[in-house]
Amino acid sequence: MTTETISIEVDAQAARAFSEASPDKRRKLELLLSLRLSDLTSRPARPLTEIMDEMGRDAERRGLTPETLERLLNDE
């Protein structure tokens with residue numbers, strides 16, 4: 001499998017976890033991200049509202065509150 005380097009923006013916590021990971025764990029994370037990106041881009045297109053609803057549910061499960069979201073959106 002050939003690979004290419006890409007640059008993506010992630011939240012500070014994810015960036016810190018990746019940068020502090022061991023080389024072996026980084027390779028595993030890179031592989032998982034690659035597989036997930038491939039999976040997301042190979043599926044038939046879903047309506048944007050469906051994707052946004054799914055992302056909202058995931059964020060809520062991870063503890064994102066409406067207040068935190070509002071603060072993040074206003075801190076631009």
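At 23% relative accessibility, Glu54 counts as partly exposed, a class that lies between buried (under 20% relative accessible area) and exposed (over 50%), with a 1.4 Å probe and protein chains only. The model is predicted, and local features need pLDDT of at least 70, side-chain atom pairs count only at pLDDT 80 or more, while totals for chains, interfaces and linings use all residues. Residues are numbered from 1 along each chain as its sequence is written, and side-chain values use heavy atoms, with hydrogens and water left out.

Glu54 takes part in a salt bridge with Arg46, where a salt bridge is a side-chain nitrogen of Lys or Arg within 4 Å of a carboxyl oxygen of Asp or Glu.

| Salt bridge | N to O distance |
|---|---|
| Glu54 and Arg46 | 2.8 Å |
| Lys28 and Asp24 | 3.3 Å |
| Asp58 and Arg61 | 2.1 Å |

Arg46 is partly exposed, at 28% relative accessible area, whereas Arg61 counts as exposed at 63%. Lys28 and Asp24 both belong to helix 2 and stand four residues apart, about one turn of the helix; helices are DSSP runs (H or I, at least four residues) numbered from the N terminus. Asp24 and Lys28 are also linked with Arg27 in a network of salt bridges.

Turning to the loop between helix 3 (48-61) and helix 4 (66-74), one finds Leu64 there. Leaving aside neighbours within four places in sequence, Leu64 is in contact (heavy atoms within 4.5 Å) with Ala59, Leu69 and Leu72.

Notes
Helix = DSSP H or I, 4+ residues; strand = E, 2+ residues; numbered from the N terminus.
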